[in-house]
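Subject: Structure handover

Hello,

Here is the structure I said I would pass on.

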Amino acid sequence: MTDRNYREDFPMLRNNDTAYIDNAATAQKPQVVIDAEREFYEKSNANPLRGFYPLSLEATEKYESARKVVRDFIHADSEKEIIFTRNTTESLNLVAYSYALNNLKAGDEIAVTIMEHHSNMLPWQMAARVTGATLRYLDCEKDGTLTDETINSGINEHTKLLAVGHVSNVLGCVNPVRKMADRAHSFGAVVVVDGAQSTPHMTIDVHELGADFFAFSGHKLMGPMGIGVLYGRQELLDAMPPFMSGGEMIDSVSRDGAVYAELPHKFEAGTVNAAGAAGLAAAIGYIKEVGFDYIEKRELELTTRAMEGLAKLPHVHVIGSDKPENHTGIVAFTIDNVHPHDVSEIMAADGIDVRAGHHCAQPLLVHLGVYNTTRASFMFYNTDEEVDAFVESVANVRRRMGYAE
Ligand code: PMP
């Protein structure tokens, strides 16, 4: 499939004349995803899981078959282990509220890395506050490495829950999730993995990772916004109370209480996002068609080209590893004496869309002493020409701010 011009599959890439290099924030959507979501509303729209008439059954079938596609995609054992949510953030909050609040107590520890996105940090701050557990941060090195010493002291006999990002949304590094999970499991802790930044770029096997819970968002892997996934080991999900309650998640209700539905519906209160699920299934189908072999190879080429270009610029500093293979397409950088907000505005004038700020990872940026960065994030559909335009634009930022070089 390497000769195909994938850009033709994306209406936004055809309709937009800027270089979109903010894919870690959200990816563009191929036509098949847009069609799947539209077709649900055009041809199958009824409230799923409720009616017994054919249209409602069809809507249910579309929704439930998307769950099978997701199960396959992350190599889970059963559809019961796949909960549809709105996004990664909701998935992680579900675990914090339903699992952590009911299983942690004072004296216990929650281990998180300092590089977590706020969505994989604030829910644990909340859980620690409410239960009296201690939140312990594992600090990384400048290149994102978590040393054995850090892992061994951070994950210990007090650890009851480890929450770790598979791929950092600032550094782009892939964390040693399996090694950390093995250690956490040896102390009987559960392991929560934030897969928001890994699912678009690499094959996921929740068993190989050692994940008890795994969260991700549809929109980052070219699916629609508003649909996300929480994988949870069935035994754990079975024992957890619902996160939210109301319609669609019960077997029966009386004046005094309710019998909850079986998994996965126990965790899907209210009318579900069936069109979003259909779109997500289409996105997964598309990503499989492109193939992770090609995606990884192409994204490494783009990242290498970008980092080699930036390395020639004296006032530009890439955050994290100096090896492109440790970046998963993410290149965050600073430019001496220019605030990233100015950098991104200047670059926007050149038609380059990049992100500026703290990237919802403020504790990491404080730890690294940079506070704010500009971030480019590549996807396989970006072109060499876009990378070159990006580097050229970065090269001109300081002069445009009035510096001699
Ligand atoms: N975790 C990481 C590592 C992320 O990059 C993001 C998105 N920026 C999130 C969690 C949150 O994802 P969402 O906003 O889709 O819930």
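The largest pocket has a volume of about 320 Å³. A pocket here is an open set of points, on a 1 Å grid over the protein atoms alone, where a 1.4 Å probe fits, with protein on both sides within 12 Å along at least five of seven lines; lining residues have an atom within 4 Å of a point. Grid points are joined across faces, edges and corners, and a volume is the space filled by probe spheres set on the points. Of the 23 residues lining this pocket, His117, Ser119, Ala196, Gln197 and Lys220 are the closest to its centre. By class, the lining has six nonpolar, twelve polar and five charged residues (Ala, Val, Leu, Ile, Met, Phe, Trp, Tyr, Cys and Pro count as nonpolar, Asp, Glu, Lys and Arg as charged, and the others, Gly among them, as polar).

This is a predicted model: local features need pLDDT of at least 70 and side-chain atom pairs pLDDT 80 or more, while totals for chains, interfaces and linings use all residues. Residues are numbered from 1 along each chain as its sequence is written, and side-chain values use heavy atoms, without hydrogens and water.

What takes up the space of the largest pocket? The ligand does (a molecule sits in a pocket if more than half of its atoms lie within 2 Å of the grid points).

- Thr89: a side-chain N or O atom is 2.5 Å from a ligand oxygen.
- His117: a side-chain N or O atom is 3.1 Å from a ligand nitrogen.
- His219: a polar side-chain atom is 2.7 Å from a ligand oxygen.

On its own the ligand has 400 Å² of accessible area, of which the protein covers 87% (Shrake-Rupley method, 1.4 Å probe).

The second largest pocket has a volume of about 230 Å³. Among its 16 lining residues, Phe84, Thr85, Glu90, Glu268 and Ala269 lie nearest the centre. The lining has nine nonpolar, four polar and three charged residues.

Lastly, the backbone. Most residues other than glycine have a negative phi, and most peptide bonds are trans. Leu49, not a glycine, has a positive phi of about 70°. A cis peptide bond, with omega about 0°, joins Leu263 and Pro264.

Regards

Methods. A polar contact is a pair of N or O atoms within 3.5 Å; within protein, one must be able to donate a hydrogen and the other to accept it, and residues adjacent in sequence count only if both atoms are side-chain atoms.
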